[in-house]
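Please look through the model below with the sequence beside it. The report that follows takes it region by region.

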Amino acid sequence: MSGRIPPAFIDELLRRTDLVELIHARLPLKRVGSNYQALCPFHQEKSPSFSVTPDKQLYHCFGCGASGTAITFLMEYENLGFLEAIEELAQRVGLETPTGGTPAAQEQQPLYTVLEQAASYFQQWLQHHPQAAPATHYLQQRGLHESIIQEYRLGYVPPGWDNLKRVMVSSPTPTAAQSLVAAGLLIEKEVGGHSYDRFRERIIFPIRDLRGRVIGFGGRVMGDEKPKYLNSPETPLFHKGKELYGLYEARQAQRRLESILVVEGYMDVIALAQHGLRNCVATLGTATTSDHLERLFRLVREITFCFDGDHAGREAAWKALQTALPQMQDGRDIRFLFLPEGEDPDSFLRKQGRAALEQQLANAIPLSRFLFQRLEQACDPSTPEGQAKLAKSAQPLLARLPQGVYRELLQRQLTQQVGTVVTIPSGPPAPARPAPRPPLRPRQQATAEGRLTLLPQRAIRCLLQHPDAAHQPDLAEEWRNLEEPGITLLAQLLDLIRNHPGINTAGVLTLWGERDPHHATTLQALVTQELPLPPEALAAEFRDALQRMEERSHKLERDRILEEQIQKWGRERGKREPPHYQVGDEPPPIDER
Ligand SMILES: [Zn+2]
């Protein structure tokens, strides 16, 4: 960060931004009275509880509690950082960000421009170049419609060493060859500094980030030449181990993704889209990384990996499973789909059609089953020796699961299979930011009610007295789902202060008074009950309150998931052989605070 954004600038920015317009461009809003409504983009729902109030320039979801300003909306919806969101808004309303943007952003802008121009040339060449016939023929053969070709912005580069270099370096606004090299479009020879096109005689697949900006390309040959696929090299914008092909397009097609299918090739993603399966992404010629999984689990709770059923495919799946273990927090679901040997989704679809693929998808096996199947293959669980071997090989794998119900259930399953209790060394604590989840409704609220409602109130008082407490690093965030008095107010207050770095108590009250006169009185009242503590103690107190509320929220969710799992697995019990766990087991007693 090259400097703080002055609060006055942020106010000006929010004042000039029309939140309704900003949101409406992304999801259709419906006018209801003086407000606007939509299906919430931050949680799954059937009837709209997401509301935008133009007077206050705030949005709020009554389902999941998401709320905030244009800045928080962009941060959440477009996965932007605070400064990025500010820059985006500033650009929209024609203001210059006081710090001139982050240094990284300044360096990156020319690369985005160059990549976008290149993508346009590639698209034009696919449509109009006299040598494009083999490419259009290839795409037609694959059964792709023009609309899909347009949507994924497919392109073509004719044969030759300098098609792109020529048009871009000698255009009316010439691009320096250096930018083209930095963007990965030209390759520079080590001797002599001569450069030439990286992509030649290939079908081009632009790779876009979550905001739709082109950050790199994949190129595929039309015949049997090698290499079949060629990707952009690592650049400041493009990191193979993090990006997923098709994620932007999947989100565009379906804002509230429920699950994601991960396949291996670009053509698979496009073939699946052509058949109406719009939730598919591909890794970029690399194995699945934990960065990939993290990114996907921010959007959905259910991921299915699709692999060829041959030996290589099974090995790749086993690798993906091991990468996924540490991220298997409660409520997340990973499944594996193995296609018949030698098939990829593209070829499978062309031979057997969508219904057959959907049948396969429905039969994808859960991570736990794949895990135990694989381990059992390597030993004979009907003998004590085999059971000991099974326990030994399972232990280190289960140890990689985060603490939680899922881990307990798998441990129980292992215990059942080897007939004796197997202890698992403790694994990593559950990471701080799990996937979006439905709101929590406390089931056993009565006994703890009195104490709990004090926590949000105490947090609010600390925050009002010492607004800077909001900027501490690594504050707990997962208390927002709690449905308890004061939570919404606290969340809004915290977001407000975070959007106005440097604001003081008076500033908070003024801003709040303008936006929410009703709660302003409550806040005023709380300010007068000053806590006799120095700022450091207020900050610590605030942190502690959030932490305790988060723990409460986690516990409620654990209870809910355990209940769900036991019911669901109970229903499936009859289908399986033999049951690996005791369905009648009671969930562990709830430890009320
Ligand atoms: Zn919501």
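## The contact of H20 with H21

In this predicted model, Thr-505, Leu-509, Trp-512 and Gly-513 of helix H20 meet a set of residues in helix H21, namely Pro-517, His-519, Ala-520, Leu-523, Gln-524 and Val-527.

Helix H20 covers residues 505–515 and helix H21 covers residues 517–528, and the two pack with their axes 8 Å apart at an angle of about 155 degrees. Because angles over 145 degrees count as roughly antiparallel, H20 and H21 are described as roughly antiparallel to each other.

## The chain as a whole

The chain holds 22 helices and 16 strands, and 36% of its 593 residues count as buried. Of the contacts in the chain between residues at least 6 apart in sequence, 68% join residues that are at least 24 apart.

## Helix H3 and what covers it

Helix H3, which runs over residues 70–77, is mostly covered, with six of its eight residues buried. These buried residues are Ala-70, Ile-71, Thr-72, Phe-73, Leu-74 and Met-75.

The cover over the buried residues of H3 includes elements from separate parts of the numbering: helix H1 (7–16), helix H2 (19–24), strand S4 (58–61), strand S5 (67–68), helix H4 (82–93) and helix H19 (487–498). Just after H3, Asn-79 adopts a positive phi of about 55 degrees.

## A four-stranded open sheet

Four strands form an open sheet in the order S6-S9-S10-S11, and their pairing is antiparallel. Strand S6 (155–157) and strand S11 (229–231) stand at the edges and have a single partner strand each, so one side of each is left without a neighbour in the sheet. From one strand to the next, the twist averages 30 degrees.

Strand S10, residues 214–220, pairs with S11 in the antiparallel sense over three bridges, and in this pairing Gly-219 stands opposite Leu-230 of S11.

## Strand S15 and its partners

Strand S15, residues 333–339, has five of its seven residues buried, so the strand is largely enclosed by the rest of the structure. Strand S14 (residues 302–308) pairs with S15 in the parallel sense over seven bridges, and Phe-307 stands opposite Phe-338 in S15.

Asp-380 lies in the loop between helix H15 (367–377) and helix H16 (384–398). Is this residue buried, exposed or partly exposed? Asp-380 has 13 C-beta neighbours inside 10 Å, and it therefore counts as partly exposed, given that a residue is called exposed at 12 or fewer neighbours and buried at 20 or more.

The C-alpha atom of Asp-380 is separated by 8.2 Å from that of Leu-390, a residue 10 residues apart from Asp-380 along the chain.

Notes
Residues are numbered from 1 along each chain as its sequence is written. This is a predicted model: local features need pLDDT of at least 70, side-chain atom pairs count only at pLDDT 80 or more; totals for chains, interfaces and linings use all residues. Two residues are in contact if their C-beta atoms, placed from the backbone, lie within 7 Å. Two strands pair if DSSP finds at least two bridges between them. Axes are lines fitted to C-alpha atoms, for helices over the stretch in contact, and angles run from 0 to 180 degrees between N-to-C directions. Angles under 35 degrees count as roughly parallel, over 145 as roughly antiparallel, 65 to 115 as roughly perpendicular and the rest as oblique.
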